Amino acid sequence: MTTEVITPEEIIKKGKIVFEKTKLMTDCTLSYCPGCGHGVAHRLVMEVVDEMGIGDNTIGVAPVGCSVLAYEFMNIDIQQAAHGRAPAVATGIKRVFPEKYVFTYQGDGDLAAIGTSETIHACNRGENIVIIFINNGIYGMTGGQMAPTTLPGMKSSTSPYGRVVESMGYPLKITEMVATLPGVAYATRQAVHTAKLVTKTKKAIIKAFQNQKDKKGTSIIEIVANCNSGWKMTPVESNKWLDENMLAYFPLGDIKK
Amino acid sequence: MEEVKLMKGNEAMAEAAIRAGVDAYFGYPITPQSEVIEYLMHEEPFKRTGMVVLQAESELAAINMVYGAAACGKKAMTSSSSPGISLKLEGISYMAGAELPCLIANVMRGGPGLGTIQPGQSDYFQAVKGGGHGDYNLIVLAPSTVQEMADFVDLGFDLAFKYRNPVMILSDGAIGQMMEKVILPEQKERLSNEEIIKHYGNWATTGKPESRESNIITSLDLKPELQEIHNQHLQNKFKTAEKNEVRYEQIQCEDADYILVAYGTSARISQKVVQLGREKGLKIGLLRPITLWPFPKKIISELADHAKGFLSVEMSAGQMVEDVLLAVEGKVPVAHFGRMGGMIASPSEVLDAVEKEINKI
Amino acid sequence: MTEEIIIAGFGGQGVLSLGKILAYSGIMQDQEVSWMPSYGPEMRGGTANVTVILSDDRINSPVLNEFDTAIILNQQSMDKFESMVKPGGLLIYDPNGISHHPERKDIKIATIEGAKEASELNNKKTFNMVIMGAFLKIHPIVLMENVHKGLEKSLPQRHHHMIPLNEKAIKVGMKKVKVIHDYKKLVAEE
């Protein structure tokens with residue numbers, strides 16, 4: 001038996017490229033915990049912007065939360081907004097640059113707690129923007145506090161014995177809420193913890209940006225994601241938990257097409 | 001074309017915004033400044049110049065819309081009155097941190113809390129000492145006439161873009177609600193997107209071409225070493241503004257041996273006090289700060305070398321008087337006369353206070 | 001020349017617009033003007049007053065505590081402003097609805113039956129112009145041609161057909177105003 005030694009150069013020369021780094025992602029190392037869904041979501045958004053050829057015509061809005069540093073990873077012009085205010089900031093951008101593509105990238109605390117008003121009113125005005133909403137049921141960046149989307153009974157550092165709905169309220173299904181507004185063109189709930197779901201999420205993001213191109217109004221894509229650090233699980237356990245618990249409360253699929 | 005009109009201060013400011021080539025106004029109604037957005041909606045500048053006018057869902061949203069538009073290199077503004085400005089402070093602090101130019105007008109009413117809808121000047125500290133969190137300053141312009149309400153829009157944007165910092169017009173309910181003759185400036189063209197890229201393309205989010213690095217607007221630096229360098233840069237900017245942008249007016253100060261210091265409506269009343277006092281043989285004058293930040297410290301210090309005393313006249317419990325005290329450096333006595341809660345001092349009661357203070361010296 | 005005027009009455013009487021027309025008329029003759037209203041929740045029947053100043057010079061305080069002229073259109077305003085007329089100044093009022101008439105001896109006092117004259121003109125909205133006519137008869141601080149221009153400027157285009165009626169009302173006011181007390185005459189008699 002003979003062993004053929006292949007150098008890396010030969011692999012590149014011979015092989016067919018099936019996967020490469022998205023051009024609109026920077027070379028910065030992601031600050032997210034290993035196993036976190038943010039990286040995939042970032043990449044998908046940038047991939048779609050790149051494939052649509054609108055990178056030089058797109059302005060993003062980063063929130064406060066884990067993705068506060070999104071501007072370090074996405075190689076486009078980005079504004080970082082105050083906590084919860086991203087839809088208002090995006091409104092300001094879109095109104096003075098109606099011909100540009102504008103998106104916000106927000107977590108559940110940002111979009112569904114402190115920024116509920118900005119979210120609902122941007123959607124109600126039908127701002128022609130894309131909202132990417134990462135729902136992992138917890139405040140990741142600040143150390144695992146309870147989020148508006150924390151499940152009943154779920155433990156967090158501010159619900160250490162589990163979320164008691166009688167005193168702490170129920171998980172907020174804000175995507176369903178805004179789907180009722182006439183200004184919202186598209187509301188969907190996706191996930192990125194399996195290859196198949198990643199493909200579906202990408203399709204949803206393409207549709208959302210296409211809606212913006214066609215001036216249809218607000219498109220909101222909720223991505224139910226894991227937070228293995230915040231949930232205090234391994235990445236694999238967290239994905240399983242997501243499947244069994246999060247998706248039971250937050251079912252995937254289009255809410256408004 | 002220049003045009004002479006009788007207008008309310010609020011309306012004059014709104015019309016001046018259209019004529020200054022402002023790109024966007026975002027606001028939320030509150031007495032006594034609702035005429036600003038009412039006038040703009042009535043005039044429909046979106047048809048005249050393409051200026052955006054949007055009634056936001058809250059003052060918070062409005063200032064953050066200003067943030068978004070300003071970060072695109074556009075001329076964006078908002079206006080409100082005291083309680084609404086309190087809500088905007090978060091956004092104002094972020095804009096100062098992110099070095100965004102914008103214009104904010106505060107048509108002050110009496111506070112604290114919901115207070116009253118009548119005029120006040122009790123947001124002086126809030127305006128000139130920062131107001132929001134962190135080390136920052138606003139350039140603060142204090143109009144005392146309807147004409148200045150109009151003129152300070154253009155001036156405000158010039159300063160905002162010169163320093164890449166928010167500028168505030170600190171007015172009050174009386175200036176906002178009163179009508180005076182105003183000469184409106186000629187219509188300025190709004191900048192085209194190409195011009196914006198040319199002038200502000202090195203920082204504004206205009207869409208990243210491959211030829212440059214991405215423009216990032218943020219007030220965040222998680223590394224304290226870098227955040228300190230950023231803050232030092234801001235402070236240097238503020239020092240330059242303190243050196244170059246002090247504006248004030250002296251009324252009969254040349255031979256005055258007692259000086260009133262007042263801005264806005266209180267300055268108008270104090271002008272009358274100077275007239276009435278002079279008729280009685282009192283050698284009094286008025287120093288009217290036009291920029292409240294940077295504060296005209298130097299001229300006050302110089303006047304203190306000759307004058308026997310100062311009286312700060314404000315519709316507050318005594319806020320600007322602290323800056324007058326600092327500027328006078330203990331050379332001569334400094335007193336305060338104020339009405340609060342929406343009460344406007346009458347010229348005769350201020351004159352009484354002046355005479356009382358002079359007699360004490 | 002500086003004329004400092006307070007116009008005070010009920011909301012809905014046209015107090016603010018009277019002031020506005022006067023101010024605009026001043027602008028038409030190149031004067032400096034200020035119009036400072038009492039403002040608040042708008043309410044028909046609530047009190048409304050406006051300080052109007054016309055001057056050849058820069059106007060200092062838009063807020064005053066004494067006036068050359070007080071135009072008074074209800075009892076509350078009479079109670080508040082009679083004492084604030086400068087000695088030698090003018091007080092004009094509509095006696096309709098006034099129970100305590102002015103008692104000052106050191107000022108000129110005139111009456112005009114504004115409400116009555118306006119209803120005779122078959123248009124109650126001309127009330128404030130009748131009052132203005134009365135004032136201008138005694139203190140002709142603005143020329144009628146400038147009042148005409150002031151009306152054109154301050155009324156919206158769709159109300160311009162009302163200008164002749166307004167001018168007619170001003171003339172009625174000029175004709176019907178009655179000086180009921182004149183300190184100058186007293187001074188002369190003494």
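Predicted model: local features only at pLDDT ≥ 70, side-chain atom pairs only at ≥ 80, totals over all residues.
I will start with chain B. Its secondary structure comes to 14 helices and 15 strands. The radius of gyration is 21 Å, close to the 21 Å that the globule rule gives for 361 residues, so chain B is as compact as a globular protein of that length. If you want a box around the C-alpha atoms of chain B, take roughly 70 × 50 × 40 Å along the principal axes. Of its 361 residues, 59% count as buried. As for contacts in chain B with a separation of 6 or more, 79% of them are between residues 24 or more positions apart.

Now the domains. The assignment for chain B gives domain 1, residues 3-184, and domain 2, residues 249-360. Taken over C-alpha atoms, the centres of these two domains of chain B are separated by 27 Å. In the contact between them, 26 residues of domain 1 of chain B meet 22 residues of domain 2 of chain B. On the domain 1 side, the elements of chain B that each supply at least two residues are α6 (124-128), β6 (139-141), β7 (166-172) and α8 (173-177). Which of them has the largest share of that side? That is α6(B), with four residues. By class, the domain 1 side divides into 14 nonpolar, ten polar and two charged residues.

Next, the contact between chains A and B. Chain A puts in 29 residues and chain B 34 residues. On the side of chain A, two or more residues come from each of β1 (58-62), β2 (77-80), α4 (86-96) and α6 (116-124) of chain A. The element giving the most to that side is α4(A), with eight residues. The side of chain A that touches chain B has 13 nonpolar, ten polar and six charged residues.

There is also strand pairing across the two chains. β2(A) pairs with strand β9 of chain B, residues 216-217, in the parallel sense and over two bridges. Within this pairing, which residue of β9(B) does Q79(A) stand opposite? It is I217(B).

One residue of chain A gets its own slide: I255(A), in strand β9 of chain A, residues 253-256. Leaving aside neighbours within four places in sequence, the contacts of I255(A) are T175(A), E176(A), A179(A), A187(A), T188(A) and R189(A). For a distance across chain A, the C-alpha atoms of I255(A) and E99(A) are separated by 27 Å, and the two residues are 156 apart along the chain.

Last, chain C. It has seven helices and seven strands. Read from the N terminus on, the order of elements in chain C is β-α-β-β-β-α-β-β-α-α-α-α-β-α. A compact globule of 190 residues would have a radius of gyration near 16 Å, and chain C agrees, at 16 Å. The C-alpha atoms of chain C fill a box of roughly 50 × 40 × 35 Å along the principal axes. Of the 190 residues of chain C, 47% count as buried. Among contacts in chain C between residues at least 6 apart in sequence, 62% join residues at least 24 apart.

How values were computed: Residues numbered from 1 in each chain as written. Chains lettered and ligands numbered in written order. Rg over C-alpha atoms; globule rule 2.2 N^0.38 Å. Buried ≥ 20, exposed ≤ 12 C-beta atoms within 10 Å, placed from the backbone. Contact = placed C-beta atoms within 7 Å. Domains from an automatic or database assignment. Nonpolar A, V, L, I, M, F, W, Y, C, P; charged D, E, K, R; others polar. Pairing = 2+ DSSP bridges.
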